[in-house]
Amino acid sequence: MKKILVTGGCGFIGSNYIHQVFEKGRDIHLVNLDKMTYAGNIHNLNGIPDTFHTFVEGDICDADLVKSLFEKYQFDAVVHFAAESHVDRSIEGPAEFIQTNVVGTLNLLEQSRLFYQHSNSDNFRFLHISTDEVYGDIKIGKRSDEKFSYNPSSPYSASKASADHLIKSFARTYKLPAIISNCCNNYGPNQFPEKLIPKLIYNIIKNKPLPIYGRGKNSREWIHVQDHCQALLKIFLKGKIGESYNVGSNKNNQNIDIAKKLITILKSNSIIIGNKVKIKFVKDRPGHDFRYALDCKKIHKELKWKSKINLNEGLADTYRWYLNNMDFFISVSKKLYDKRLGLNKK
């Protein structure tokens, strides 16, 4: 039986990944190390049996804890999701992002390196889940491939870029069998409502205005979390050691269009929209990147993966999930997602 350390498995993407691995029915036991910050929710793993999954509450920055887990379980792989990920929060307080995303990643790498060098295992893997934001603003007409220069704009994206560079350095210097995935914006069930799509959905359900930064022209590439996790499974099983793989839909939408799409989708499904549900432009985020856009030819060609879930269908399904799981909003403190952060007030 393979034993895999998953970090941040109670978060949005990590929990969806655990569900997909479980559905595959592989001979695997996952050890889920999660600090349980505001975005971690153990209810995200409802239905996952203890025979398949062991939950450990703890910090990836805790070297002694991570070392003890390696000694106890003799991991065959690490799948690293754990990260502070909200740009507005990184503007509000960057130190925590550096601690978790950089120092925490370094600690995992060090413990993985020491274990790998003494285990003589040829099958060990370290998969690091990163973001398209490390590439920074992408000019219209261009898309960033895996060789594109890093140009992060926010403390969040800078911390993820730093983590990526650490991964690459350990792969080259210590021959650690590591792989990086850089994904575009995710959406889907269980996403914490500080992010754009669940925030819009929550406001529609509650008959509140839909806040859009600036004039809503910022362009993003969106992928359903299930598609992302399918890509991660492919990368984990067939990805080339030392390589990076972009994961995206190759389709961009402006933020204002996402809000309009949601309203149109709901109206077409005869869902009544409250009279206060209108787009409301709010003060823009400091240093807001205008456009992200990934070139995903590499994963298409080498691993035969492409996203499958249509954005309109995915948005409709995601709305229905939140509508049928309103307890999700109740399970987290409203003050953690209802207050605007990152305005860089003096």
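## A walk through the predicted model

Of the 346 residues of the protein, 54% count as buried. Please keep in mind along the way that this is a predicted model.

### The overall picture

Let us start with the whole chain. Its secondary structure comes to 12 helices and 12 strands. The radius of gyration is 20 Å, close to the 20 Å that the globule rule gives for 346 residues, so the protein is as compact as a globular protein of that length. Along its principal axes, the C-alpha trace spans about 65 × 45 × 40 Å.

The contacts tell us about sequence separation. Taking those between residues at least 6 apart in sequence, 83% join residues at least 24 apart.

The structure holds 15 aromatic pairs. One of them joins phenylalanine 70 and phenylalanine 75: the ring centres are 5.2 Å apart and the planes stand at 90 degrees, so this pair is edge-to-face. Phenylalanine 70 is buried, with a relative accessible area of 3%, and phenylalanine 75 is buried too, at 1% relative accessibility.

Ring pairs link Phe70, Tyr73, Phe75, Phe115, Tyr116 and Phe124 into a cluster.

Serine 112 brings us back to some of these names. This serine is found in helix 4, which covers residues 95-119, and it counts as buried because its relative accessibility is 0%. Leaving aside neighbours within four places in sequence, serine 112 is in contact with Phe70, Val78, Phe124, Phe126 and Leu176. Phe70 and Phe124, both in that contact list, are also members of the ring cluster.

Methionine 36 sits in the loop between strand 2 (28-34) and strand 3 (53-57), while serine 270 has its place in the loop between helix 8 (255-268) and strand 12 (279-282). Methionine 36 counts as partly exposed at 23% relative accessibility, whereas serine 270, at 68%, counts as exposed.

### Proline 189

Our last stop is another loop residue. Proline 189 is found between strand 7 (185-187) and helix 6 (196-205). Its relative accessibility is 13%, so this proline counts as buried, the cut-off being under 20%.

Which residues does proline 189 contact, leaving aside its neighbours within four places in sequence? They are Phe12, Asn16, His224, Val225, Trp321 and Tyr322. Tyrosine 319 lies 130 residues away from proline 189 along the chain, yet the C-alpha atoms of the two are separated by 8.6 Å.

### Accessibility at a glance

The table gathers the residues discussed above.

| Residue | Relative accessibility | Class |
|---|---|---|
| Serine 112 | 0% | buried |
| Phenylalanine 75 | 1% | buried |
| Phenylalanine 70 | 3% | buried |
| Proline 189 | 13% | buried |
| Methionine 36 | 23% | partly exposed |
| Serine 270 | 68% | exposed |

Note on methods: Residues are numbered from 1 along each chain as its sequence is written. This is a predicted model: local features need pLDDT of at least 70, side-chain atom pairs count only at pLDDT 80 or more; totals for chains, interfaces and linings use all residues. Side-chain values use heavy atoms; hydrogens and water are left out. Helices (H or I, at least four residues) and strands (E, at least two) are DSSP runs, numbered from the N terminus. The radius of gyration is taken over C-alpha atoms; the globule rule is 2.2 Å times the number of residues to the power 0.38. Buried means under 20% relative accessible area, exposed over 50%, partly exposed in between (1.4 Å probe, protein chains only). Contact means heavy atoms within 4.5 Å. Rings of Phe, Tyr and Trp (its six-membered ring) pair if their centres lie within 6.5 Å; planes under 30 degrees apart count as stacked, over 60 as edge-to-face and the rest as tilted.
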